[in-house]
Amino acid sequence: MYEPIRTKSVHRMADDDRNAFPHRSREEELDIQLAGHLAALLAVTDELGDPEAGELIARQVARLRGAPPARHAGLSGSAASDLHRRAHALAGRALVVAASRADTAAAILAAERMDAHTAALAGDSLAGAGAP
């Protein structure tokens, strides 16, 4: 025969109190995601040496987090074209999340940064194509 269970179950029942621990709303989760994408974009922007764009991004991160962001301190040593591609991808992710949470200011900033990095990449390819 089987021995009876002598310890309490570690699993929760479906009807347990759902307020036993705090939950974040969808908007709070999207704020956290957007702030993370923008903070990563800020790090790449700082590495590219664009202080004006960096300040605009830092303001958005501060608005979302309620505190100023930590600024990028080290350099990755990546080529400028690689940094522009990474920044473009990060701005694209930020744009998707900003659109999802209907944050017009962040969406406009992300779209402008995508355009700037697209133009920088196009300029790099034109400069490379003109070389003998």
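Colleague: Is A102 buried or exposed?
Modeller: A102 counts as exposed, because its relative accessibility is 63%. Exposed means over 50% relative accessible area, buried under 20%, and partly exposed in between, with a 1.4 Å probe and protein chains only.

Colleague: Before we go on, what sort of model is this?
Modeller: This is a predicted model, where local features need pLDDT of at least 70, side-chain atom pairs count only at pLDDT 80 or more, and totals for chains, interfaces and linings use all residues. Residues are numbered from 1 along each chain as its sequence is written, and side-chain values use heavy atoms, with hydrogens and water left out.

Colleague: Back to A102. Where does A102 lie?
Modeller: In the loop between α3 and α4 (104-130). Helices are DSSP runs of H or I with at least four residues, strands are runs of E with at least two, and both are numbered from the N terminus. A102 is not a glycine, yet has a positive phi of about 60°.

Colleague: And which helix holds H88?
Modeller: H88 sits in α3, residues 80-100. The residue is partly exposed, at 26% relative accessible area.

Colleague: What is H88 in contact with, leaving aside neighbours within four places in sequence?
Modeller: M114, H117 and T118, where contact means heavy atoms within 4.5 Å.

Colleague: What comes just after α1?
Modeller: G49, with a positive phi of about 80°.
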